[in-house]
Amino acid sequence: MSQKLLNRIFAAIVFAVSAFTFFSTVQPTLSFWDCGEFAASSYLMQVPNPPGTPFFLLIGKLFSLLPISDDIGYRINTVSVLSSALTVLFLYLIIVKVILAYWKKELTSVFDGLTVYIPAAIGALSLTFSDTFWFSAVESEVYAFSIFFIGLIVWLMLLWNEKADEPESERYIVMIFYLIG
């Protein structure tokens with residue numbers, strides 16, 4: 001079995017476990033604090049507060065149009081569920097890259113791969129079951145969406161670091177700037 005395939009299998013398992021966990025515990029409707037404000041603002045395309053969190057509201061509006069439930073609050077809560085599951089996936093990928101950069105040797109056997117991928121999966125799944133992250137993952141609040149972008153940006157930074165000497169590697173930097181903006 002190749003290392004790439006083994007890494008992808010572990011990444012898929014981490015994503016599936018976190019997505020199942022968050023979908024199993026997602027709020028079935030609105031919560032009794034500003035989550036309802038964000039859901040209503042997404043559905044009606046309004047501005048909930050001065051910064052407005054416009055990208056979250058646009059994505060929330062798209063999710064409110066999906067026919068996955070009768071409850072608009074649940075539909076918009078799935079934005080946080082999916083972005084949190086993707087955050088856990090990116091954390092796994094980040095941990096793998098950091099371990100491989102620290103280790104500085106090629107993975108030659110399945111055992112070598114398991115000594116990298118299992119600790120990375122444990123670290124990523126630890127985020128899944130952490131209290132604060134889990135609460136943000138199951139309701140329509142901007143924190144999960146924001147942490148997703150942080151994870152994506154850090155992963156792109158590590159990817160750029162690996163490929164910095166290759167031609168056209170600046171595209172990762174440009175993508176990072178777009179995501180930050």
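Reply: Here is a walk through the pockets, starting with some background on the model and its overall build.

This is a predicted model, where local features need pLDDT of at least 70 and side-chain atom pairs count only at pLDDT 80 or more, while totals for chains, interfaces and linings use all residues. Residues are numbered from 1 along each chain as its sequence is written, and side-chain values use heavy atoms, with hydrogens and water left out.

The protein chain has 8 helices and 0 strands; both are DSSP runs numbered from the N terminus, helices being H or I with at least four residues and strands E with at least two. Its C-alpha trace spans about 55 × 35 × 25 Å along the principal axes. Out of 181 residues, 43% count as buried (buried is under 20% relative accessible area, exposed is over 50%, and partly exposed is in between, with a 1.4 Å probe and protein chains only).

Now for the pockets. Rolling a probe the size of a water molecule over the atoms shows where empty space is left. Here a pocket is an open set of points on a 1 Å grid over the protein atoms alone, where a 1.4 Å probe fits, with protein on both sides within 12 Å along at least five of seven lines; lining residues have an atom within 4 Å of a point.

The largest pocket holds about 500 Å³ of space (the volume is the space filled by probe spheres set on the grid points, which are joined across faces, edges and corners). Its lining counts 18 residues, and those nearest the centre are Asn-7, Leu-93, Val-96, Lys-97 and Glu-162. Helix 1, helix 4 (72-103) and helix 7 each supply at least two lining residues, with helix 4 giving the largest share, 6 residues. Sorted by class, that lining has 11 nonpolar, 3 polar and 4 charged residues (Ala, Val, Leu, Ile, Met, Phe, Trp, Tyr, Cys and Pro count as nonpolar, Asp, Glu, Lys and Arg as charged, and the others, Gly among them, as polar).

Side chains of opposite charge can pair when their charged atoms come close. Glu-162 forms a salt bridge with Lys-97, and their closest N and O atoms are 3.1 Å apart (a salt bridge needs a side-chain nitrogen of Lys or Arg within 4 Å of a carboxyl oxygen of Asp or Glu). This pair ties together distant parts of the chain, since Glu-162 is in helix 7 and Lys-97 in helix 4, 65 residues apart. A search of the whole structure finds 1 salt bridge. Lys-97 counts as buried because its relative accessible area is 16%.

On to the second largest pocket, which has about 330 Å³ of space. It is lined by 13 residues, with Phe-55, Phe-56, Phe-145, Phe-149 and Leu-179 closest to its centre. Helix 3 (54-64), helix 7 and helix 8 (170-180) are the elements giving two or more residues to this lining, and helix 7 gives the most, with 5. By class, you'll find 10 nonpolar, 3 polar and no charged residues there.

Let's stay with helix 7 for a moment. Ser-146 belongs to this helix, which covers residues 142-162. Ser-146 counts as partly exposed because its relative accessible area is 37%. Between Ser-146 and Thr-53 there are 93 residues of sequence separation, but their C-alpha atoms are 9.8 Å apart in space.
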